[in-house]
Amino acid sequence: MSGKITTQVLVVGGGPGGYVAAIRAGQLGLDTTLVEADRVGGTCLIRGCIPSKALIHVASRFAGLQQLSAAPHAGIALKSEPDFDLPAAMQWKDGIVDKLSTGVAGLLKKAKVRVVHGTAKFADAKTCTVQTGDAPVEITAEHVILATGSVAAGLPQLPWGDGVISSTEALSLPALPKRLVVVGAGYIGLELGIAFAKLGVEVRFVEALDRMLPSYDRALVRPVEQWLKKRGIEVLLNTKAQDVARANGGLRVTVQNGDAAPQDLACDMLLVAVGRRPNTQGWGLEHMALTMDGAFVKVDAQCRTAMRNVWAIGDLVGEPMLAHKASAQGEMVAEIIAGKRRSFDPVAIPAVCFTEPEIVAVGLSPDEAKAQGIETVTGQFPFAANGRALTMDAGGDGGFVRVTARADNHLVLGIHAVGAHVSDLSGEFVHALEMGARLEDIAHTIHVHPTLTEAVPEAALGALGHALHI
């Protein structure tokens with residue numbers, strides 16, 4: 001492909017925000033062009049959410065088999081320890097990614113979206129040049145949707161390379177390290193670190209703050225802390241990584257806790273997982289006259305930027321940096337361009353941490369509501385009292401569902417949970433908040449028995465003062 005393209009809608013970035021925006025724009029009859037330097041699917045599909053969940057699944061299954069080889073359980077025993085083949089696991093993971101990426105490409109084609117593979121560079125707000133594999137392509141658009149996503153944030157004292165990796169490399173390793181130090185005990189670091197620990201890697205976490213998973217309240221994090229402690233996995237809090245050097249065929253990471261003497265940690269690989277930053281470099285942002293909000297592109301409730309008919313969505317525009325937020329914004333922007341009346345005003349954006357056990361947060365926690373001056377009532381139901389959880393060996397990890405509501409009218413403000421498989425409940429949680437449910441609505445909705453979902457009305461009943469099964 002070469003030459004010039006004039007299009008109604010130009011989407012830059014083929015991740016969950018960009019490809020959804022392009023598909024919806026195409027469905028609405030808009031002449032749409034999508035520019036993506038890699039395969040369509042973006043960080044989430046290619047090197048983030050999907051491959052990491054595949055690795056977590058494999059690690060959990062392997063750990064379960066190891067436990068059965070050590071001691072019989074529920075009538076099941078293994079006479080020998082299981083073997084793990086990392087290259088085969090990676091091949092399986094890559095097959096899932098390929099299938100999903102091919103599916104996205106098919107959806108774009110079905111919506112008659114023109115896909116240009118290459119790196120875009122803007123000369124002004126509506127014109128960019130794409131360096132494709134063949135020749136440069138100049139694209140001029142009436143509307144531009146910026147969906148460039150984010151990249152792994154690094155630390156200057158821990159430069160990438162030579163055994164220092166980001167989550168991207170961690171999901172494509174040719175072999176497992178024997179010892180892994182993870183800098184950052186947020187959701188990315190903990191998800192991957194726990195998965196590697198299940199695969200037999202000796203893992204240690206280094207966190208600069210005084211607690212891990214600071215975006216979740218302490219009650220939700222406590223079962224994860226207990227899981228790590230039970231398995232002897234060290235978490236160094238209030239500790240900063242200062243330096244890394246090659247030593248004895250591996251790495252030596254120097255860390256320091258406050259004013260204490262520096263400590264050296266030996267490892268074979270160092271995973272830096274201190275978050276992500278918006279991808280604002282290398283595509284010509286400086287030529288577009290956009291207003292910034294710190295590191296992010298500033299937008300209004302319709303994702304409009306300061307430049308007329310230039311829109312920005314997803315990680316580029318701020319927290320929460322989540323794929324499902326980007327997709328919702330992409331769909332909305334496409335519909336606004338097509339003349340529909342929309343705005344981005346969700347009651348809540350659900351967040352899930354795929355640790356051991358999983359954590360779900362939707363809406364306000366009791367402490368957050370209190371900080372806003374709202375008087376609340378809460379109800380909490382443990383999975384230890386849920387029949388389905390017990391039949392899946394998921395009742396002993398300290399998990400629970402908690403419902404927070406206004407004290408005056410019982411409007412549900414937040415639903416939070418920790419435990420095995422609770423990510424699958426997140427849709428019910430956010431749906432309740434979006435529909436303006438009261439405690440009575442949830443408590444009097446008949447839930448299937450036996451399922452984990454029964455914990456939700458039980459928690460609502462608890463907030464009303466008459467839980468049935470605790």
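Start with helices α6 and α7: they are roughly parallel to each other, because angles under 35 degrees count as roughly parallel, over 145 as roughly antiparallel, 65 to 115 as roughly perpendicular and the rest as oblique. This is a predicted model, where local features need pLDDT of at least 70, side-chain atom pairs count only at pLDDT 80 or more, and totals for chains, interfaces and linings use all residues. Residues are numbered from 1 along each chain as its sequence is written, and side-chain values use heavy atoms, with hydrogens and water left out.

**Stop 1: α6 and α7**

Select 218–230 for α7 and 187–198 for α6. Helices (H or I, at least four residues) and strands (E, at least two) are DSSP runs, numbered from the N terminus. The two axes come within 12 Å and cross at roughly 30 degrees. Axes are lines fitted to C-alpha atoms, for helices over the stretch in contact; angles run from 0 to 180 degrees between N-to-C directions. The crossing of α6 and α7 is left-handed, meaning the near helix is turned anticlockwise from the far one by less than a right angle (clockwise is right-handed).

Now show side chains. Leu-190, Ile-194 and Lys-198 of α6 meet Val-224, Trp-227 and Leu-228 of α7. Contact means heavy atoms within 4.5 Å. By class, this contact has five nonpolar residues, no polar and one charged. Here Ala, Val, Leu, Ile, Met, Phe, Trp, Tyr, Cys and Pro count as nonpolar, Asp, Glu, Lys and Arg as charged, and the others, Gly among them, as polar.

**Stop 2: the parallel sheet**

Stay with α6. The helix lies across β9, β10 and β15 (269–272), at about 160 degrees to β10. These strands belong to an open sheet of five, ordered β8-β15-β9-β10-β11, with parallel pairing. Two strands pair if DSSP finds at least two bridges between them.

Next, select β9 (179–183) and β10 (202–206), joined by five bridges. Arg-179 stands opposite Glu-202 in β10.

**Stop 3: the antiparallel sheet**

Another five strands form an open sheet, ordered β20-β21-β24-β23-β22, with antiparallel pairing. Its edges are β20 (351–353) and β22 (376–382). Neighbouring strands are turned by 10 degrees against each other on average, direction ignored.

Select β23 (400–406) and β24 (412–419), which pair over six bridges. Ala-405 has Val-412 of β24 as its bridge partner.

**Stop 4: α1 and α4**

Select 18–27 and 86–110. Helices α1 and α4 pack at about 30 degrees, with axes 8 Å apart. That makes α1 roughly parallel to α4. The crossing is left-handed. Tyr-19, Ala-22 and Ile-23 of α1 make the contact with Val-104, Leu-107 and Leu-108 of α4. The contact has six nonpolar residues, no polar and no charged ones.

**Stop 5: a ring pair**

Rings of Phe, Tyr and Trp (its six-membered ring) pair if their centres lie within 6.5 Å; planes under 30 degrees apart count as stacked, over 60 as edge-to-face and the rest as tilted. The count comes to two aromatic pairs. Select Phe-62 and Phe-84: their centres are 5.4 Å apart and their planes at 50 degrees, so the pair is tilted. Phe-62 lies in helix α3 (49–70) and Phe-84 in the loop between α3 and α4, so the pair ties together parts that are 22 residues apart in sequence.
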